[in-house]
Amino acid sequence: MSPRKRPLIPVNSRRKATDDYFPFNFLPVECQLHVLSFLNEVDKCSCALVCLSWSCLVRSWKLWRVADYSRRGVFHLDQEGLLVSNREFERWKSWVHHYTHHLISRRASLLTLKASFDLGDHCNKWGELLSHLLDQVHCRDLSHLDLNWTFTLLEPLDLRVHSSSSSHQDSITKMDQVTSFQELLTKLTQSCPRITKMRLHFDWSDASVSLLTQFQQLRVLELKYFWVFKGVTPSTLQTLTKSLPSLKSLTLHILVPLRNLGISYTLDSESLEFLDVSPSRGLVFSCLKLPALRELRAKKIVRGITLDRRTRLRIQRRWPCLYHVLREGTPKLQTLNNERLLPTWREESYVELCTILAQSCYCVQHLDSWLW
């Protein structure tokens, strides 16, 4: 006996029935947007090709909250400084400009901006590109800035070689970068006053410090090396921390020049809870006024300097022991170099903390553990 044949249904009717019972379409628009917000840019563009309703959803500015130029475009590389050809670099540049146009056409409302461009590059004009982006999108709510303004991703090695390798030419290049960075930072202070998390290279000039202190809602700050020979005065560092009333986390990459050996620094902040100076070299504190500090990371790094014993002792006698600095200026300290401190660490003998402090303290008591 032949099996019963199912009635044939027209293709149009079947598609309509499927659309009517697709659960995603019954969600409120805000819920649909929330689901799509977990996709990356490529997947969002693919979704826009599914149907007209999805295309309208993907065009919403609420889905374009991140401008991430650090993904290397279509290359999906995981390392910086890879040797690439000029053709690949041109392809990546094309992606950067198309990506910028895409964000502008979507009227993006940015919360995050990540980029790595050499702002001193007058040929490719990366500074103008970022400035144009900030002018054309909504960035008033921008809260996270991760900017390396000293290096362009995927730039071929031969494009980084200057016509002259002299120190004078290097100084001109550095100053071009600083000037462009300060122009961009000025625009950010005007367009994005609500930034709460910032990670960038810093030149420690008076103008840059003044601009940085205008971000009064800043909570997390990481300042990386720009020019390792650029000294940071104690007053500049203290002014920065005192001028940021909401700052909770601070990471410093500072290399104290040889001519400034012997200088010690003071940090003053009512709000700071986390301080990491382990990437720094030669950074010594004479006073800490950090009543809210809970965690400190500090590391004594070998400088490879040849000094006679008398000079070394004369320098180290200027510095107090880190133990006394912490005991007097950090009443809420709980963790030092990832080691949990006992609640009574201030009352215990000095020997109890000797092992931890030997990794961080530059004072004369820890002379044997400090290699110049």
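This is a predicted model: local features need pLDDT of at least 70, side-chain atom pairs count only at pLDDT 80 or more; totals for chains, interfaces and linings use all residues.

User: How many salt bridges does the count come to?

Analyst: The count comes to seven salt bridges. Among them is the one between Asp146 and Arg199, whose closest N and O atoms are 3.2 Å apart. Asp146 belongs to strand E3 (residues 144-148) and Arg199 to strand E4, so this pair links distant parts of the chain, 53 residues apart.

User: Which residues are linked with Arg199 in a network?

Analyst: Asp146 and Glu222 are linked with Arg199 in a network of salt bridges. Between Glu222 and Arg199, the closest N and O atoms are 3.2 Å apart. Since Glu222 lies in strand E5 and Arg199 in strand E4, that pair ties together parts that are 23 residues apart in sequence.

User: Is Arg199 buried, partly exposed or exposed?

Analyst: Arg199 is partly exposed, with 31% relative accessible area.

User: On to the strands, then. In what sense do E4 and E5 pair, and over how many bridges?

Analyst: Strand E4 (residues 197-201) and strand E5 (residues 220-224) pair in the parallel sense, over five bridges. Within this pairing, Leu200 has Leu223 in E5 as its bridge partner. To get from E4 to E5, the chain passes through helix H9 (residues 206-212), and this β-α-β crossover is right-handed.

User: What about E5 and E6?

Analyst: Those strands run parallel, and four bridges join E5 to strand E6 (residues 249-252). Leu221 stands opposite Leu250 in E6.

User: Changing topic: how many aromatic pairs does the structure hold?

Analyst: The structure holds twelve aromatic pairs. One of them is formed by Phe89 and Trp92, which are stacked, with 6.1 Å centre to centre and 20 degrees between the planes.

User: Why are Phe89 and Trp92 about one helical turn apart?

Analyst: They are separated by about one helical turn because they are three residues apart in helix H5.

User: Are Phe89 and Trp92 buried or exposed?

Analyst: Phe89 is buried, with a relative accessible area of 1%. Trp92 also counts as buried, at 0% relative accessibility.

User: Which aromatic cluster includes them?

Analyst: Phe89 and Trp92 are in one aromatic cluster with Tyr69, Trp95, Tyr99, Phe117 and Trp126.

User: What about Arg87, also in H5?

Analyst: Arg87 is found in helix H5 (residues 86-105). With 74% relative accessibility, Arg87 counts as exposed, whereas Phe89 is buried. The C-alpha atoms of Arg87 and Pro156 are separated by 9.4 Å, while the two residues are 69 residues apart along the chain.

User: One last item: what sits over the ring of Phe226?

Analyst: The charged end of Lys174 sits over that ring, 5.0 Å from its centre.

Methods
Residues are numbered from 1 along each chain as its sequence is written. Side-chain values use heavy atoms; hydrogens and water are left out. Helices (H or I, at least four residues) and strands (E, at least two) are DSSP runs, numbered from the N terminus. Buried means under 20% relative accessible area, exposed over 50%, partly exposed in between (1.4 Å probe, protein chains only). Rings of Phe, Tyr and Trp (its six-membered ring) pair if their centres lie within 6.5 Å; planes under 30 degrees apart count as stacked, over 60 as edge-to-face and the rest as tilted. A charge sits over a ring if NZ of Lys or CZ of Arg is within 6 Å of the ring centre and within 35 degrees of the ring normal. Two strands pair if DSSP finds at least two bridges between them. A crossover is right-handed if, with the strands pointing away from the viewer, the path from the first strand over the helix to the second runs clockwise. A salt bridge is a side-chain nitrogen of Lys or Arg within 4 Å of a carboxyl oxygen of Asp or Glu.
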